[in-house]
Amino acid sequence: MDVVGVAEPNAPGPGEVLVGPEAVGLCGSDFHYFLGDIGTIDDPSTLYPRIQGHEAAATVLDVGPDCPAELAVGTRVALWPVSSCGRCSACRVGRGNACVNISLIGVHEDGALQQQLLVPAAQVFPVGDQDPALAALIEPVSIAVRAVVRGRVAAGERVVVLGAGPIGQALALAATDRDASVLLVDTLASRLARGGVMGADVLEVGADDDLGAAVREWAGAEGPEVVIEATGVPALVQRSVELVAHAGRVVVVGLSADHAPVRVGDLPLKEIDVLGVSCCVADEFAAAVELVGRRRDAAAGLVTHEFALEQAPEAIAYAIAHPAEVMKAVVRLDAA
Ligand SMILES: [Zn+2]
Ligand SMILES: [Zn+2]
């Protein structure tokens, strides 16, 4: 990763907004992308070079014709990274977040780790008085909102979240916000320390511990109604199918290019739903704006490290090298 000069964008056209990114979160998918570990994408060579950054808070710098009046110059916004083709089978059923031709800011097109960026107005959400580092958390929280919607998480249900990284923390926030009971599971005690702030119970597991016994102790002998896999460790998809209660839901959020064997009979005999989650739809992004604003005290604690734009290469290397220490690293472009 290098810091280089680029040409200034054109003035915004109809339906376009020019934004100035202020704070950009780095996430696990950025690490994979940076390391070239994107095995689920058919031809990765088409993706580089790339300006990364898909978890962005920004200010509106200029507004093109035909944009909503709420997008005035100076408005602080969060960027919904998803644009979709509107024609494929996923789009036709209102699930553009799973579009076969999806284009994500910072992945398939240049992202927010730059001082100016042109984006469609439909991908720009005002965030009121949220500060930039907080608003940069809206995108990861939006994935958690999608996950609890897909998993139909309901009040009183028991939800086990595997992985207490930023997405796991956001899942705890989104699920407890629906008045579910949440058990957040990780191998790193440092990552679990914030679970209580999110309203979750926590479980630290070592390699030799019996995860199934510990989960049943928490959830009862029948197991939890919902298990959400947020580590990307293939074996834990298999474990999730084993752990979940009959008629329950397994929600897979973690990414991996590897395979996981599941006991096929568990699917029909337990009649479980196994649900994938990719990004979110616009309504869910709006729900994440609201959730982060309302629970800002809990959410703000997730940002553990801040770096200036010039330090972005160090920031990504540092975050990759220190998983126990870094919860969410944010690159600040608004620092003087
Ligand atoms: Zn992300
Ligand atoms: Zn589509």
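Cys 85 is buried, since its relative accessible area is 18%, and buried here means under 20%. Cys 88 counts as buried too, at 11% relative accessibility. Please keep in mind that this is a predicted model.

Both cysteines belong to a metal site: Cys 85 and Cys 88, together with Cys 91 and Cys 99, coordinate the zinc ion (ligand 2) through their SG atoms. The angles subtended by the four donor atoms run from 101 to 118°, so the arrangement is tetrahedral.

The other zinc ion (ligand 1) has Cys 27, His 54 and Glu 55 as its protein donors. Cys 27 sits in the loop between strand E1 (16–26) and H1, and His 54 in the loop between H1 and strand E2 (55–63). These two residues are 27 apart, so the pair links distant parts of the chain; both Cys 27 and His 54 are buried.

Here are the two sites side by side:

| Zinc ion | Protein donors | Donor distance | Spacing in sequence |
|---|---|---|---|
| ligand 1 | Cys 27 (SG), His 54 (NE2), Glu 55 (OE) | 2.1 to 2.3 Å | C-x26-H-E |
| ligand 2 | Cys 85 (SG), Cys 88 (SG), Cys 91 (SG), Cys 99 (SG) | 2.3 to 2.4 Å | C-x2-C-x2-C-x7-C |

Now to the helices. The axes of H1 (residues 28–35) and H12 (residues 312–321) come within 10 Å and cross at roughly 110°, and the two helices are therefore roughly perpendicular to each other. On the H1 side, the contact involves Asp 30, Phe 31, Phe 34 and Leu 35, which meet Ile 316, Ala 319 and Ile 320 of H12. Six of the contact residues are nonpolar, one is charged and none is polar.

Key. Residues numbered from 1 in each chain as written. Chains lettered and ligands numbered in written order. Predicted model: local features only at pLDDT ≥ 70, side-chain atom pairs only at ≥ 80, totals over all residues. Heavy atoms only, no water. Axes fitted to C-alpha atoms, helices over the stretch in contact; angles between N-to-C directions. Helix = DSSP H or I, 4+ residues; strand = E, 2+ residues; numbered from the N terminus. Parallel < 35°, antiparallel > 145°, perpendicular 65-115°, else oblique. Contact = heavy atoms within 4.5 Å. Nonpolar A, V, L, I, M, F, W, Y, C, P; charged D, E, K, R; others polar. Donors = N, O, S within 2.8 Å, 3.2 Å for Na, K, Ca; no water. Buried < 20%, exposed > 50% of the residue type's maximum accessible area, 1.4 Å probe, protein only. Tetrahedral: all angles 85-135°; square planar, octahedral: opposite > 155°, others 65-115°.
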